[in-house]
Amino acid sequence: MSDTPFGFGLPPEEPDDGDEGKKKDPQSGGGQGPANPFGFGMPGAGGFGGPGADNPFAAMFGSLNPTDLGAAFQQLGQMLSYEGGPVNWDMAKQIARQTVAQGTAGGSKDASVGPADRKAVEDAVRLADLWLDDATSLPSGAHSAVAWSRAEWVEATLPAWQELVDPVAERVGNAMGDVLPEEMQAMAGPLIGMMRSMGGAMFGTQIGQAVGVLAGEVVGSSDIGLPLGPAGRAALLPLNIETFGKDLGVSRDEVRLYLALREAAHQRLFAHVPWLRSHLFGAVDGYARGIKVDTAKLEDVVGQFDPQNPEQLQEALQQGMFQPEDTPEQKAALARLETALALVEGWVDAVVHAAAKPRLSSADALRETLRRRRASGGPAEQTFATLIGLELRPRRLRDASRLWASLTDARGVDGRDALWAHPDMLPTATDLDDPDGFVHREQIDFSELDKMLGEAAGKPDLRKRDDGEGGSDEHKGDDTE
């Protein structure tokens, strides 16, 4: 569990006196933010440790000119009038776009992608797909390649974030009503409604800030091992790729091509393993629904709730109200999710290395750089931990990569990739501890069983991609589930 899975703070602003301004307050982290990298921000608020850093509403109304004050009242009105789901996603989108517009802590500002960068990304993805043909039996899964700005990444990935985060946020919304005695709930209806509106806004602000910060770091649509972007669209962020490769001593073309290999490999996997997306998102949902809310802490908040002091809800979220259930079911859900993500990332790592090693002199260095980025708690892992209270164990990624490489040596590319035909054929967490035992174990062939089940249901054999009914359109229907 993350210590502060839904912590809040204020995002840094560009100081009037440039870098010198960042050095005046050592407590501010020099613009890097506190230990929690995803703070709560309001337009016009000061930096970390500045006025209103502990109280975003004080920051909203203190030292603002009339124009800013009007915007602040408008935002407060949006918070109190929200009547949607557990997260105010309109506010999340607004905050994410504002965060992107502010630029990164390093001073990098977002910019529209020019024609030259768009063509470079298209060419890199096209070449990457050619190289991957030799490294995997799964055909290309990208019907297009796009170069995104940070703002475009936010717009394209918010639907996936909604699917990931809503189950956790829903726990808080339900708990807000459950902590009151049943006979009081009808009387306290307006109060509960206001609290839920505030809770949705708080979540929306936190998630928007997190996604906005992440937009300044990610290099594609699959940095956390989940399909965040639209299906079949390989996406890279040229501005972030340039920042990523700045001090590596590797040419920009090689860095772009290596990252295109990773993006294209993810696209192949999710396009041609139709059950994988629902498997992963279902594992996230299963884990999230096993999280319990600290009702004692929430009861204190409800009992002392003052409509004129709505930041109490923020403080409760900041202190953390989520704990995983200490049950065999919750432990199994956690293991299932961690293993599934590790298998996806491990397969991509192994396949990309096989494709890049003979062709790129920098393949080993780039591979190790990306591995260390993940192992050191990079932005993707931090965001994932912040939003659902889960930290992915990086050591599992290396274990999974070694297992996939061993399977390639023992069974060949076709034999390795055939394991994606059915979820029950994949390695388990125990298998990651004993890869040799799994590699040499006799595997069950589910193809005949799948065929019989399909025929019994009066459906074509979905394993056949090349006929007119299964084919490459199989994954398109899966995206609408």
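Okay, let's start with two helices: the axes of helix 5 (residues 115-132) and helix 10 come within 8 Å of each other and cross at roughly 65 degrees. Axes here are lines fitted to C-alpha atoms, for helices over the stretch in contact, and the angles run from 0 to 180 degrees between N-to-C directions. The crossing of this pair, helix 5 and helix 10, is right-handed. As for that word, a crossing is right-handed if the near helix is turned clockwise from the far one by less than a right angle, and left-handed if anticlockwise. On the helix 5 side, the residues making the contact include Ala120, Ala124 and Ala128, and on the helix 10 side they include Ala260, Ala264 and Ala265. Contact means heavy atoms within 4.5 Å.

Quick note on where this comes from. This is a predicted model, where local features need pLDDT of at least 70 and side-chain atom pairs count only at pLDDT 80 or more, while totals for chains, interfaces and linings use all residues. Residues are numbered from 1 along each chain as its sequence is written, and side-chain values use heavy atoms, with hydrogens and water left out.

Now, the whole chain. There are 21 helices and four strands in it; both are DSSP runs numbered from the N terminus, helices being H or I with at least four residues and strands E with at least two. Out of 481 residues, 51% count as buried. Buried means under 20% relative accessible area, exposed means over 50%, and partly exposed is in between, using a 1.4 Å probe and protein chains only. If you take contacts between residues at least 6 apart in sequence, 79% of them join residues at least 24 apart.

What about the inside? In soluble globular proteins, nonpolar side chains tend to be buried together. Here, the largest nonpolar core has 95 residues, and Trp153, Trp161, Leu276, Leu280, Trp347, Trp404 and Trp420 touch the most other members. Helix 14 (residues 328-356) gives the most to this core, with 14 residues. A nonpolar core, by the way, is a set of buried Ala, Val, Leu, Ile, Met, Phe, Trp, Tyr and Cys residues joined through side-chain atoms within 4.5 Å. Leaving out residues up to four places away in sequence, Leu276 touches Leu269, Phe270, Val344 and Trp420.

Back to helix pairs. Helix 14 and helix 15 pack at about 165 degrees, with their axes 10 Å apart. That makes helix 14 roughly antiparallel to helix 15, because angles over 145 degrees count that way, while under 35 is roughly parallel, 65 to 115 roughly perpendicular, and the rest oblique. The contact includes Asp349 and His353 of helix 14, plus Arg367 and Arg371 of helix 15.

Helix 15 (residues 363-375) also meets helix 10 (residues 252-272): their axes come within 11 Å and cross at roughly 60 degrees. So helix 10 is oblique to helix 15. Among the residues in contact are Tyr258 and Arg262 of helix 10, and Leu366 and Leu370 of helix 15.

Compare Ala332, which lies in helix 14: at 47% relative accessibility, Ala332 counts as partly exposed. Ala332 and Tyr287 are 45 residues apart in sequence and 8.7 Å apart in space, C-alpha to C-alpha.
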